[in-house]
Amino acid sequence: QFLQTGGLVSIFPFLPLHMKELGLNLNQISTVQTIVCVGDILTPLALSFITVHLANIRPLLVGSICLNILSAIFLATIDRSSNNVFLLYLLSRFSLELSRGSSLNLYESVNLMTVKTRHGDYGIQKIFGSLGGTIMSSVSGYIAHYHSFKSVFYFYSLIEIIFLTVLVTSDLQYARKEEKNQRKSSILDCLRAGSGVTLFLFISCFLGFIWSFSETCVFLHLGVLVSLASTSVLDMIGWRAALAIALGSYSTRLMGYSLIPPQSIVILALLESLKCVGNPWCMLVTGYFIKNQVDLTHIASFQSVFSLLYFGIGKGLGSATGASLIGYLGYRNYFQILSSCSGGLAVYLLYKQYKINKQKEE
């Protein structure tokens, strides 16, 4: 978790700046972002079909990380003087995003299967991810400021090489534990298995949509505190109420953004401090849900569908349509509409959790 999260945070905040450094215009940058969104949708969808037929996902995970390393190194070699800069960047970036999405999806499946098999605590796992993001982002910022963006790509490649070395030498759960003569998992089996799977995935898609354009500041130190208490809190309140907390935090932030006056730094900081119960909290709830609600046989399929809806369709639609809708409706109206939708879904989930708790008492 330390290396995986640290690697992601070390490079992806600098990609827009790298495109500007290479001299790409706004139309070219928009084209890159659109194609990346399509890749975010197709990669989990393809993995959901591929992993069904693999007894062990280790070779696919290792191959994805190797491709990711090569793509990052190739991106570092592109400069403004290169012929066909845009085409070279587009191909390299698409390869980087494709392999990144694949390796992230597969690693989370391995991590969750390992945690579930060994009865571990997913929240504790995420603490190391928060620490990795905090440390590696600072180092990358220093490298980008005092050296170059190219050096950041090389630093990212080094982290991924170390990450790969740790993976291949660790005793993790790469294979499903299937009973004899048991039919292989499919996407439909995954959707039918467990309580509330379809509802959870629908909410995940909506949360990914909001997250794609509302996350602007990172308070990773708060994420550590949330991770420490996550398992106890989730056992107490349930996953529906936990998702309601995430939706409530987004609702509060979006409404606050639409109402605060310009240059209200203190209020903005308070709103941004709710970030720890946004995307980081959603990842913790997802791990908790998979550990307790999804059978070990279906984890890889569920992770693929979740990534498709949250990182692919949800995040992709948020990135692709957010700017257009803000331009059409105005950011205040658009944020207030999303805030109302988030608040409404939060109330619905709290009601569902209340009904379930009442039935258990009876």
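Which residues line the largest cavity? The lining consists of Gln4, Leu8, Ile65, Asn68, Arg100, Ser103, Leu104, Tyr156, Glu160 and Phe163. The model is a predicted one, in which local features need pLDDT of at least 70 and side-chain atom pairs count only at pLDDT 80 or more, while totals for chains, interfaces and linings use all residues. Residues are numbered from 1 along each chain as its sequence is written, and side-chain values use heavy atoms, with hydrogens and water left out.

By class, the lining of the largest cavity has 5 nonpolar, 3 polar and 2 charged residues.

Two of these elements also pack against each other. Helix H4 (residues 58-77) meets helix H5 (residues 85-117) at an angle of about 150°, and their axes are 8 Å apart. That makes H4 roughly antiparallel to H5 (angles over 145 degrees count as such). The crossing of H4 past H5 is left-handed, a term for a near helix turned anticlockwise from the far one by less than a right angle. The contact of H4 with H5 comprises 13 nonpolar, 8 polar and 2 charged residues.

The structure holds 5 aromatic pairs (ring centres within 6.5 Å). Phe14 sits in the loop between H1 and helix H2 (15-21) and Phe149 in helix H7, so the pair ties together parts that are 135 residues apart in sequence.

Turning to the pockets (open sets with protein on both sides within 12 Å along at least five of seven lines), the second largest pocket holds about 220 Å³ of space. Of its 16 lining residues, Gly238, Trp239, Arg240, Gln353 and Lys360 are the closest to its centre. At least two lining residues each come from helix H10 (220-237), helix H11 (239-259), helix H13 (279-293) and helix H15 (331-361). The lining of this second largest pocket divides into 7 nonpolar, 6 polar and 3 charged residues.

Definitions and conventions:
Axes are lines fitted to C-alpha atoms, for helices over the stretch in contact, and angles run from 0 to 180 degrees between N-to-C directions. Helices (H or I, at least four residues) and strands (E, at least two) are DSSP runs, numbered from the N terminus. Angles under 35 degrees count as roughly parallel, over 145 as roughly antiparallel, 65 to 115 as roughly perpendicular and the rest as oblique. Ala, Val, Leu, Ile, Met, Phe, Trp, Tyr, Cys and Pro count as nonpolar, Asp, Glu, Lys and Arg as charged, and the others, Gly among them, as polar. On a 1 Å grid over the protein atoms alone, a cavity is a set of points where a 1.4 Å probe fits but cannot get out, and a pocket is an open set with protein on both sides within 12 Å along at least five of seven lines; lining residues have an atom within 4 Å of a point. Rings of Phe, Tyr and Trp (its six-membered ring) pair if their centres lie within 6.5 Å; planes under 30 degrees apart count as stacked, over 60 as edge-to-face and the rest as tilted. Grid points are joined across faces, edges and corners, and a volume is the space filled by probe spheres set on the points.
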